[in-house]
Amino acid sequence: MTYREEDYLLLSGIQHYAFCPRQWALIHVEEQWSENYLTAGGRIMHTKAHGGNDVEKRGGLIIFRALKVRSAELGVSGECDVVEFRKSKNGISLRGYPGLWLPYPVEYKRGKTKLDDCDRLQLCAQAVCLEEMLCTKIEEGALFYGEPRKREIVSFTPVLRGELDKTVQAMHELFSRKHTPEAVKKKHCQSCSIKDICLPGLSQKSGNSAKKYMEAHIE
Ligand code: SF4
């Protein structure tokens, strides 16, 4: 199955959905947003990653910044912070650059590596977009975390790809129904960028959307 362009969702929403489906729905379905120090730090890191030239060549490496990507199979579109093209006999040809080049997506993140797969899923989605656009296969990419200033290598295994498919399907299903799931208060609510909109403790008692909560509260 492929999605129509008008039904594409934002690729960056995958990490929101994997973190908490309600957070994703509040941001992407209800279009509510709030920036905290975590998201502000992340935004600054992305701006740095996107700064300077959009394309740079360093020896056996071509670096593309802020590369627009999309996938009809996933029904998502977005931007890669950085895609490195490494010289490889298994690569693809790039106009203006002799030889063959293998794409390698790199996503910049604030903080440390996480136990959950939020960031890995987002990176994997970028790889699937690049595979579809460039007719190639990408085995791995990297997440660059700001606190240790280190790269974490991510393998795009069948398990991770399967998890990505399920996540994106669930996002499309919720988006088509314009549905916001109920709050499930967990430890991660502490670092949630929209906890003041979600009000997890209260909204559990007042239906499944912040709007409904506000209406109930006003009544
Ligand atoms: S506060 Fe908790 S339940 Fe509400 S959106 Fe954030 S993570 Fe989800």
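Biologist: Why is Lys178 called exposed?

Modeller: Lys178 has a relative accessible area of 51%. Exposed means over 50%, buried under 20% and partly exposed in between (1.4 Å probe, protein chains only), so Lys178 counts as exposed. Before we go on: this is a predicted model, where local features need pLDDT of at least 70, side-chain atom pairs count only at pLDDT 80 or more, and totals for chains, interfaces and linings use all residues. Residues are numbered from 1 along each chain as its sequence is written, and side-chain values use heavy atoms, with hydrogens and water left out.

Biologist: Where is Lys178 found, and what is its phi near?

Modeller: Lys178 belongs to the loop between α5 and α6; helices (H or I, at least four residues) and strands (E, at least two) are DSSP runs numbered from the N terminus. Phi of Lys178 is near 50 degrees, a positive value in a residue other than glycine. Arg149 is not a glycine either, and has a positive phi of about 50 degrees. Arg149 sits in the loop between β6 and β7 (150-155).

Biologist: What makes Arg149 exposed?

Modeller: Its relative accessible area is 60%, so Arg149 is exposed.

Biologist: On to the rings, then. How many aromatic pairs does the structure hold?

Modeller: There are four aromatic pairs. In one of them, the ring centres of Trp24 and Phe175 lie 6.4 Å apart with the planes at 55 degrees. Rings of Phe, Tyr and Trp (its six-membered ring) pair if their centres lie within 6.5 Å; planes under 30 degrees apart count as stacked, over 60 as edge-to-face and the rest as tilted. This pair is therefore tilted. Trp24 in helix α2 and Phe175 in helix α5 (residues 158-177) are 151 residues apart, so the pair links distant parts of the chain. Ring pairs also link Tyr17, Trp24 and Phe175 into a cluster.

Biologist: Why does Trp24 count as buried, and what makes Phe175 partly exposed?

Modeller: Trp24 has 1% relative accessibility, so the residue counts as buried. Phe175 has a relative accessible area of 28%, so this residue is partly exposed.

Biologist: What is the geometry of the pair formed by Tyr108 and Phe144?

Modeller: That pair is tilted, at 5.1 Å centre to centre and 40 degrees between the planes. Tyr108 lies in strand β5 (residues 97-109) and Phe144 in strand β6 (residues 140-145), 36 residues apart. Phe144 has a relative accessible area of 13%, so Phe144 is buried.

Biologist: Which residues are around the ligand?

Modeller: Phe19, Cys20, Gln23, Val184, His188, Cys189, Cys192, Lys195, Cys198 and Pro200 are, each with a heavy atom within 4 Å of the ligand. This shell has seven nonpolar, two polar and one charged residues. Ala, Val, Leu, Ile, Met, Phe, Trp, Tyr, Cys and Pro count as nonpolar, Asp, Glu, Lys and Arg as charged, and the others, Gly among them, as polar.

Biologist: What space does the ligand take?

Modeller: The ligand takes the space of the largest cavity. On a 1 Å grid over the protein atoms alone, a cavity is a set of points where a 1.4 Å probe fits but cannot get out, and lining residues have an atom within 4 Å of a point. A molecule sits in a cavity if more than half of its atoms lie within 2 Å of its grid points.

Biologist: How much space lies in the largest cavity?

Modeller: About 90 Å³. Of the 15 lining residues, the closest to its centre are Cys20, Cys189, Cys192, Cys198 and Pro200.

Definitions and conventions:
On a 1 Å grid over the protein atoms alone, a cavity is a set of points where a 1.4 Å probe fits but cannot get out, and a pocket is an open set with protein on both sides within 12 Å along at least five of seven lines; lining residues have an atom within 4 Å of a point. Grid points are joined across faces, edges and corners, and a volume is the space filled by probe spheres set on the points.
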